[in-house]
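Dear colleague,

Please find below the structure I am handing over to you, with its sequence. My notes on what was found in it follow.

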Amino acid sequence: MSFRTRLLLVIAAIALIPLTAIGLLVRREMDRRFAAQDERRIRELSSATRTALAGADTSLARRLASLATALAADDRFRAAVRASAGGSTADRAYMLDYAARAMQLTGLAMLEIVDDSNRVVSSGQFRNDYGRVDTLLPPPGRTALVTARTPTGPLLTLARTDSVRIADHRFTLVGGIAVDQAFLRALSPDSTLRVSLTATDGDVRPVVTRQANDLDVLRASVDHWFATTIGLAAAAVLLVALWLSRRLSAPLAVLADQTAHVDLDRLDVDFTTDRDDEIGALSRLLAAMTRRLRLSAARLRDAERRATVGDLARQVTHDIKNGLAPIRHVVRHLSEVERAAPETLSTVFAERRGTLDASVAYLDELARQYARLTPSLTLRPSDVNAVARDVASSDSSTVTTTLAPDLPPVAADPLVLRRIIENLVANAIDAGGTVNITTRQLPSRDVQVVVADSGHGMTAAQLAQASTDFFTTKTDGTGLGLSIVRRLVADLHGTLHIDTAPGAGTRVSLTIPHA
Amino acid sequence: MLTRRAQFIPLLALLGCATHHAGPRRTPACVAPKTDSLHIDITDPADSNAAAYVRPCGAQGWPASIQVIDPRAARDALDAGIDVLITSDAAAVAYAPTHPEYETGPLPWNRLYLLLLPSGTRGTGGGEALRTDLATNAVRVEARPAQSRGCGAVAPVIGSGLNPQIVYADNDSIARALAERLVALASRSGDLAPLRLAQVADTTRLHTRGIRTDSLPLAVAGGADLGYIVGVPFPVESAPCPDAPGIVPLIETRPTAMVRRPDTPR
């Protein structure tokens with residue numbers, strides 16, 4: 001798992017876990033409080049409803065008692081009772097309509113007058129239901145839930161009875177108030193609680209229930225907003241975490257990439273940065289380390305050079321011996337000819353002269369190559385532009401210059417500086433295309449020289465081998481050019497950077513410390 | 001208010017029509033208008049033709065104005081001294097004797113109430129005991145068991161009759177009372193059982209429903225309800241009249257006229 005991913009997960013966890021925990025705790029606490037509040041409201045409403053029912057029962061009993069008294073005193077009703085079926089139509093109608101009139105006067109929703117055989121003689125809520133035997137009378141003195149018949153359907157009532165004796169007949173008055181939505185709403189002014197009535201063992205009890213949907217809807221709403229908040233917070237946290245992790249890890253990735261290019265022969269990686277944070281400090285630390293490495297590498301190479309002087313001397317001795325051997329043979333031959341046949345000396349000399357010239361040429365070339373490997377070094381203020389102009393003037397048709405004015409002098413040996421630029425220009429010319437030498441001053445006042453060509457460029461593998469001694473892609477090359485350049489640049493405490501690609505030319509950047 | 005020059009029918013000639021209720025009641029002879037025109041109040045628009053049976057005393061062709069009033073205002077009309085009040089309202093009829101200047105008497109039977117059963121109802125009508133009960137107890141107007149079969153008044157109803165309700169015009173108190181009585185008796189047995197309703201398994205679900213007068217013909221044409229109570233002008237029958245299945249005659253009604261006596265000072 002990458003550092004960025006871990007950073008992302010850690011930031012997300014730090015932000016989301018507390019948020020989720022707080023949300024869950026708030027929801028649980030809210031749920032607990034709502035439930036407690038509901039319980040309290042239900043208890044209070046249940047008590048109030050019982051009180052209201054007791055009041056309704058008392059009112060109902062009082063109204064029925066008044067009706068019974070009035071009925072007992074009503075002579076026309078009495079006459080209708082006495083006449084029974086043989087009475088006049090008017091008296092019969094009076095009896096049939098009595099309950100309706102009384103019901104209107106008393107504000108009841110149901111009133112039936114039944115005779116001693118439980119036969120309805122007058123019904124207020126269903127005038128033409130007379131003659132029916134009512135088998136569902138409430139028990140005397142108690143209130144009951146009674147479903148009364150009406151022309152338009154059943155009517156649930158809270159009913160009780162009273163009785164009156166008229167002309168040796170006992171009549172029962174069944175009166176009730178409607179248990180409809182209006183009645184139940186009046187019992188429960190709180191719209192979130194629902195009151196219903198139930199009859200248990202003849203007693204009417206209120207049942208208070210919470211409108212289950214209300215709390216559930218509230219819970220669902222809270223859950224919805226909680227999930228939305230968590231989702232938005234998670235998205236925001238992830239974005240911020242992503243941004244932070246990228247912001248933190250990107251410079252590290254750059255540093256890692258730069259550091260990956262550092263090795264003992266490639267200590268010219270630029271760790272320059274303007275950051276003043278930990279990344280900047282790390283960059284400066286790496287730059288300082290690289291500088292120390294460059295110095296150490298130079299000293300190491302110097303030590304190696306010194307250590308290899310013996311080998312080189314033996315090789316030089318060997319090479320010189322190899323070069324001198326033919327000469328020694330020719331001289332010995334000529335001496336023998338002079339002793340034995342002096343008259344043929346000139347002829348033999350002419351024959352052997354080629355051997356002598358070849359040996360001398362070999363030694364001369366050998367001397368030149370060894371001279372390149374071991375230049376003498378004296379650092380002093382040197383003009384880079386002057387050296388660049390001299391080198392460019394040797395082949396002005398191919399080489400152009402773009403030189404910065406007022407360039408500060410660098411600490412270098414002019415001869416070494418010339419050899420470096422000469423080698424770079426020669427390689428660029430050999431690569432084909434045009435060559436340009438550019439100089440400029442860096443912010444650190446060091447001087448940068450760029451030799452760029454538009455030639456065939458190099459592959460990554462070729463670039464990796466280019467610094468190896470005696471590696472060359474040219475048929476007549478020695479394979480020492482770029483290797484010598486790197487060593488010379490290191491001797492000047494400078495850096496060398498090569499950008500190249502096949503077909504895209506090569507750009508060699510040389511940085512030399514100012515004097 | 002309707003105003004017309006009335007073509008009166010002598011009321012004495014109609015005495016023979018009012019025979020159902022025994023007693024001293026008879027149709028008033030003539031009316032003595034307070035002014036030179038005859039003012040008639042009626043409580044039921046269906047009784048407007050009954051005004052033709054009222055004539056001014058000693059005059060021919062008086063202009064008459066007919067006004068339909070609310071039945072609850074009938075007694076107020078008597079108190080205000082209206083020339084003629086024609087109503088079926090029992091309260092007004094009972095109140096009329098308190099005004100000795102009015103003579104009260106029944107007018108001819110003029111309405112027949114029918115129960116219409118759609119073809120899908122598969123019900124049968126009740127007997128004479130039911131019609132008597134309806135006429136004497138269920139309605140508050142003067143009524144008698146139907147003697148007409150209602151032939152030609154309405155067409156048989158075609159429909160399923162599945163809705164367990166008996167429908168009536170909501171401004172017709174007589175139709176409402178009949179419907180309520182039929183619903184009340186639906187679950188009972190005996191000679192009052194009005195109907196054999198094969199498709200109503202639970203008779204407690206049967207109920208009444210009043211609809212607007214102008215919606216009733218459409219409902220009857222649909223035939224979706226168990227039954228319909230309709231009132232039609234009477235007499236309507238013309239012989240011969242075959243049995244009409246689904247058309248059950250129930251009661252016949254007539255209004256009562258309260259007319260100003262001739263000897264009342266104008």
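**The interface between chain A and chain B**

The count between chain A and chain B is one salt bridge. Please bear in mind throughout that this is a predicted model. The salt bridge in question pairs A:Asp97 with B:Arg140, and the closest N and O atoms are 3.0 Å apart. Helix H3 (residues 89–106) of chain A supplies four residues, the largest share of the side of chain A that touches chain B. Sorted by class, that side of chain A comprises four nonpolar, five polar and six charged residues.

Polar contacts across the interface of chain A and chain B come to 12 residue pairs, both residues being at pLDDT 80 or more. In terms of contact, 15 residues of chain A meet 15 residues of chain B. The size of an interface is often given as the accessible area lost when the parts come together. Between chain A and chain B, the buried area is about 1,300 Å², with carbon and sulfur atoms giving 40% of that figure. On the chain A side, A:Asn128, A:Tyr130 and A:Pro151 lose the most area to chain B, and together they account for 40% of what that side buries.

**Salt bridges within the chains**

Over all chains, a search of the whole structure finds 21 salt bridges. Several of those within a chain are described here.

In chain A, A:Glu29 and A:Arg32 form a salt bridge whose closest N and O atoms are 2.7 Å apart. Both residues belong to helix H1 (residues 3–73) of chain A, and because they are three residues apart there, about one helical turn separates them. An α-helix has 3.6 residues a turn, so residues three or four places apart point the same way. A:Glu29 has a relative accessible area of 29% and is therefore partly exposed.

A:Arg76 forms a salt bridge with A:Asp91, with 3.6 Å between the closest N and O atoms. This pair links distant parts of the chain, since A:Arg76 is in helix H2 (residues 75–83) of chain A and A:Asp91 is in helix H3 of chain A, 15 residues apart. A:Arg76 is partly exposed, its relative accessible area being 39%.

In chain B, the side chains of B:Glu252 and B:Arg144 meet in a salt bridge at 2.6 Å, N to O. B:Glu252 lies in strand S11 (residues 247–253) of chain B and B:Arg144 in strand S7 (residues 143–145) of chain B, so the pair ties together parts that are 108 residues apart in sequence. Both B:Glu252 and B:Arg144 are buried.

There is also a network in chain A: salt bridges that share partners join A:Glu112, A:Asp129, A:Arg132 and A:Arg149.

**Chain B and its helix H4**

Chain B contains five helices and 12 strands. Of its 266 residues, 52% count as buried. Among the contacts in chain B with a separation of 6 or more, 86% are between residues 24 or more positions apart.

H4(B) is mostly covered, with 11 of its 13 residues buried. Among the buried residues are B:Ile174, B:Leu178, B:Leu182 and B:Leu185, and the charged residues B:Glu180 and B:Arg181 are also included. At the start of the helix H4(B), a side-chain oxygen of B:Asp172 comes to within 3.2 Å of the backbone nitrogen of B:Ile174.

**Two buried positions in chain A**

A:Ser283 is placed in helix H6 (residues 278–340) of chain A. Its relative accessibility is 5%, so A:Ser283 counts as buried. Leaving aside residues up to four places away in sequence, A:Ser283 touches A:Leu255, A:Phe271 and A:Thr273.

A:Ala234 lies in helix H5 (residues 212–260) of chain A. At 15% relative accessibility, A:Ala234 also counts as buried, because the cut-off for that class is under 20%. A:Ala234 and A:Leu19 are 215 residues apart in sequence, and their C-alpha atoms are 9.4 Å apart in space.

With kind regards

Technical notes. Residues are numbered from 1 along each chain as its sequence is written. Chains are lettered from A and ligands numbered from 1 in the order in which they are written. This is a predicted model: local features need pLDDT of at least 70, side-chain atom pairs count only at pLDDT 80 or more; totals for chains, interfaces and linings use all residues. Side-chain values use heavy atoms; hydrogens and water are left out. Contact means heavy atoms within 4.5 Å. Buried area is the accessible area (1.4 Å probe) that two parts lose on being put together, summed over both. A salt bridge is a side-chain nitrogen of Lys or Arg within 4 Å of a carboxyl oxygen of Asp or Glu. A polar contact is a pair of N or O atoms within 3.5 Å; within protein, one must be able to donate a hydrogen and the other to accept it, and residues adjacent in sequence count only if both atoms are side-chain atoms. Buried means under 20% relative accessible area, exposed over 50%, partly exposed in between (1.4 Å probe, protein chains only).
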